[in-house]
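Here is a friendly walk through one protein model, written for someone who likes to know what sits next to what. Please keep the viewer open as you read.

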Amino acid sequence: MFAKGDMAVYPAHGVGLIETIETQTINGVDQRFYVMKILDNDMTIMIPIATSSKFGLRAIIPQEEVAKVIDILKERDVKITAQTWNRRYREYMEKIKTGSVFEVAVVLRDLFLLKEDKELSYGERKMLDTAKNLLVKELSLAKQTEEAKIEQQIEKLFC
């Protein structure tokens, strides 16, 4: 359960601020919604409270879990399957849609490693940027650090 003013993560959209909690009547039934403003693009979304966890709404990871994310990014002993870019794109998009910061870290790491071997497709480049933005926002809030500093730390891992 979130309260007004809480920060939360919504899968594939990223970190947002719970601006209000509203009740709306839909088909004669009162439903409560989180009204959340996504930080990255100022988009406002309404998330039914009753099904919010089912759709992956979650709290920002605690600072103690940031090290696990960094460990995933540092891992180099990974096998990137030889498949077409569009199949890989679908697989990575599914990972991003889970809302798990750890799955997003896997996508970012794999795309950075793949980029070393070959040129990424346009879709893969956009996905790399999306994964990086999702991670930077959440890790900066978890560590209470500037986004630019987190971005530099991530970039340094892949140089």
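Predicted model: local features only at pLDDT ≥ 70, side-chain atom pairs only at ≥ 80, totals over all residues.

Residues are numbered from 1 along each chain as its sequence is written, and side-chain values use heavy atoms, with hydrogens and water left out.

**Aromatic pairs**

A pair of aromatic rings is described by the distance of the centres and the angle of the planes. Rings of Phe, Tyr and Trp (its six-membered ring) pair if their centres lie within 6.5 Å; planes under 30 degrees apart count as stacked, over 60 as edge-to-face and the rest as tilted. Searching the whole structure gives two aromatic pairs.

| Pair | Distance of centres | Angle of planes | Class |
|---|---|---|---|
| Phenylalanine 2 and tyrosine 34 | 5.7 Å | 80 degrees | edge-to-face |
| Phenylalanine 112 and phenylalanine 158 | 4.2 Å | 10 degrees | stacked |

Helices (H or I, at least four residues) and strands (E, at least two) are DSSP runs, numbered from the N terminus. Phenylalanine 2 lies in the segment before strand 1 (7-10) and tyrosine 34 in strand 3 (residues 29-38), so this pair ties together parts that are 32 residues apart in sequence. The other pair links phenylalanine 112 in helix 3 (residues 101-117) with phenylalanine 158 in the segment after helix 5 (147-157), 46 residues apart. Buried means under 20% relative accessible area, exposed over 50%, and partly exposed in between (1.4 Å probe, protein chains only). Phenylalanine 2 and tyrosine 34 are both buried, and phenylalanine 112 and phenylalanine 158 are buried too.

**Helix 3 and the cores**

Contact means heavy atoms within 4.5 Å; leaving aside neighbours within four places in sequence, glutamate 103 is in contact with Lys95 and Thr98.

A nonpolar core is a set of buried Ala, Val, Leu, Ile, Met, Phe, Trp, Tyr and Cys residues joined through side-chain atoms within 4.5 Å. The largest one has 31 residues, and Leu108 and Leu111 are among those with the most contacts inside it. Helix 3 supplies the largest share of this core, nine residues. Not counting residues up to four places away in sequence, leucine 108 touches Leu73, Leu128, Ala131, Lys132, Leu135 and Ile154. A second, separate core of 11 residues includes Phe2, Ile18, Tyr34 and Ile38.

**Strand pairing**

Two strands pair if DSSP finds at least two bridges between them. Strand 1 pairs with strand 2 (residues 14-26) in the antiparallel sense over four bridges, and methionine 7 has leucine 17 as its bridge partner in strand 2. These strands form a hairpin with three residues between them, where alanine 12 in the turn has a positive phi of about 70 degrees. Strand 1 also runs antiparallel to strand 5, joined by two bridges, with valine 9 opposite arginine 58.
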